[in-house]
Number of protein chains: 2
Amino acid sequence: MANYRFEIQYEGTRYAGWQRLSGKENTIQGKIEDVLGRLTGEPVAVIGAGRTDAGVHARGQAANAHFATNLSDLDIREYMNQYLPEDIRICLVEQVSEDFHSRYQAKEKCYLYRVSLKEVPDVFSRRYVYEYAKDTQRSLEERREAAAGALDVEAMKKAAAYLLGEHDFRGFCGRKIKKKSTVRCIHSIDIRMEEGELRFYYKGNGFLFHMIRIMTGTLLEVGEGKRPAEDMKYILETKDRQNAGRTLPAKGLTLLSVDF
Amino acid sequence: MANYRFEIQYEGTRYAGWQRLSGKENTIQGKIEDVLGRLTGEPVAVIGAGRTDAGVHARGQAANAHFATNLSDLDIREYMNQYLPEDIRICLVEQVSEDFHSRYQAKEKCYLYRVSLKEVPDVFSRRYVYEYAKDTQRSLEERREAAAGALDVEAMKKAAAYLLGEHDFRGFCGRKIKKKSTVRCIHSIDIRMEEGELRFYYKGNGFLFHMIRIMTGTLLEVGEGKRPAEDMKYILETKDRQNAGRTLPAKGLTLLSVDF
């Protein structure tokens with residue numbers, strides 16, 4: 001059987017995440033496996049590079065699957081897009097060597113977390129950003145201040161620098177992990193003000209459950225002046241989730257790309 | 001009673017257009033009138049600058065309404081956004097002079113029509129573009145050619161030039177109009193290739209029913225080499241809708257701004 005690599009785009013809004021569990025949930029992996037099962041007449045297992053959570057989006061998820069077909073790469077893509085719902089698109093299908101594994105061989109993943117600081121949320125991007133302005137904890141005055149640039153971006157950049165490199169990120173993990181390693185390596189964190197949004201670009205060899213959403217929530221608290229930049233070091237050292245900040249909503253997160 | 005001007009953003013997908021008719025349809029005007037009725041305890045009539053069709057979006061619709069309230073402009077905005085569905089946002093509320101009329105005093109409207117030429121439709125912009133690639137009339141080959149730039153943009157620009165200035169646009173109107181004038185003035189048409197999309201920017205003093213969608217459909221046929229640029233002149237002269245091209249889907253159209 002041939003091995004095929006996929007590049008996949010999806011809007012996560014309607015889905016219970018990437019990973020198929022019991023098979024009953026509405027998952028992206030499940031939708032893709034169903035379509036490949038229809039194409040081949042056999043059950044097909046799809047391996048994804050990153051198991052994005054419920055509500056998380058992807059511009060460039062990577063996956064692979066072994067199956068037999070007479071169709072060309074392009075015809076497989078066309079077939080899949082014909083039967084997949086329109087919030088999941090296969091951008092590329094490519095036959096690859098038999099030992100290619102999209103999870104084990106992924107070298108770097110790039111994620112984007114978008115925090116909208118707009119005083120009035122933007123209708124067209126509302127599904128893809130965390131709307132700081134809508135957070136009910138904040139008064140209109142605080143929201144206007146945030147929109148006007150009251151968040152301390154330099155302090156957030158200073159705090160983010162503590163996270164670079166290889167660390168045990170257990171303190172930023174949203175799930176108790178006993179056996180598996182919680183050591184990961186972050187290659188870069190880029191924080192930019194673009195189009196009325198604070199955008200956090202993360203590159204690393206892998207990320208734990210909720211890790212980016214907790215890191216971004218903690219960085220925002222630094223930006224709000226509620227904790228010092230040095231807290232990041234403390235959270236890494238104590239490895240205690242209780243010391244980190246809030247988990248931001250899934251919808252602000254997008255998996256941009258996977259590099260091999 | 002004071003007169004208030006509004007700047008409004010909406011995603012038209014779910015709506016039967018701007019204009020309230022019998023009051024039973026799901027319209028944007030209806031939603032806004034209902035919220036203002038709730039605020040004031042009285043029926044409030046909202047006047048929109050442009051009556052966008054079902055499925056058409058707006059980044060900068062303008063409207064005004066007369067009503068009495070003790071709330072500040074900012075508090076009116078906050079109240080409205082609290083009760084409006086999240087696909088309609090009030091970006092600005094401003095008390096204006098009593099004689100301000102958003103329809104009669106609108107001097108220029110700017111519309112954008114987006115034609116996506118991507119071989120695989122983009123998940124994140126799919127609600128806001130006409131997907132040329134998805135049009136079932138076209139083979140994969142034709143779609144790939146279009147994505148690669150086979151449409152003749154220069155010919156479309158040449159054709160668009162015939163539409164500039166004051167003309168009777170009856171030939172580009174999707175409805176038989178007997179009494180009212182079908183003369184309008186187009187100030188500019190800008191055609192740009194941006195991010196894998198062909199974007200048509202129209203500025204003018206007003207547009208007839210379906211006019212932009214028919215003009216863009218006709219211009220696309222020029223770009224496809226199916227008709228000469230001079231056809232635009234012929235359609236203006238004969239004033240016959242039958243001579244113009246196809247009406248493109250509503251979802252590709254966005255009202256960008258209204259100038260007074």
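## Basis of the description

The structure is a predicted model, in which local features need pLDDT of at least 70 and side-chain atom pairs count only at pLDDT 80 or more, while totals for chains, interfaces and linings use all residues. Residues are numbered from 1 along each chain as its sequence is written, chains are lettered from A and ligands numbered from 1 in the order in which they are written, and side-chain values use heavy atoms, with hydrogens and water left out.

## The interface of chains B and A

Chain B places 29 residues in contact with 29 residues of chain A, where contact means heavy atoms within 4.5 Å. Together the two chains bury about 2500 Å², and 53% of this lies on carbon and sulfur atoms; buried area is the accessible area (1.4 Å probe) that two parts lose on being put together, summed over both. Val120(B), Val123(B) and Phe124(B) account for 26% of the area that chain B buries against chain A, more than any other three residues.

Across this interface there are 10 salt bridges, each a side-chain nitrogen of Lys or Arg within 4 Å of a carboxyl oxygen of Asp or Glu. One of them joins the side chains of Asp122(B) and Arg59(A), at 3.4 Å from N to O. On the side of chain B that touches chain A, 12 residues are nonpolar, three are polar and 14 are charged; here Asp, Glu, Lys and Arg count as charged, Ala, Val, Leu, Ile, Met, Phe, Trp, Tyr, Cys and Pro as nonpolar, and the others, Gly among them, as polar.

## Strand β5 of chain A

Strand β5 of chain A covers residues 108-116, and nine of its nine residues are buried, that is, under 20% relative accessible area (1.4 Å probe, protein chains only). Strands here are DSSP runs (E, at least two residues), numbered from the N terminus. In a regular strand the side chains alternate between the two faces of the sheet. Glu108(A), Cys110(A), Leu112(A), Arg114(A) and Ser116(A) point one way from β5(A), whereas Lys109(A), Tyr111(A), Tyr113(A) and Val115(A) point the other way.

## Partners of the strand

Two strands pair if DSSP finds at least two bridges between them. β5(A) pairs in the antiparallel sense with β10(A) (residues 253-259) over six bridges, and Lys109(A) has Val258(A) as its bridge partner there. With β9(A) (residues 197-204) the pairing is also antiparallel, over eight bridges, and Ser116(A) is partnered by Glu197(A). With β6(A) (residues 130-131) the sense is parallel, over two bridges; in β6(A), Tyr130(A) is the bridge partner of Val115(A).

Note on methods: Buried < 20%, exposed > 50% of the residue type's maximum accessible area, 1.4 Å probe, protein only. Helix = DSSP H or I, 4+ residues; strand = E, 2+ residues; numbered from the N terminus.
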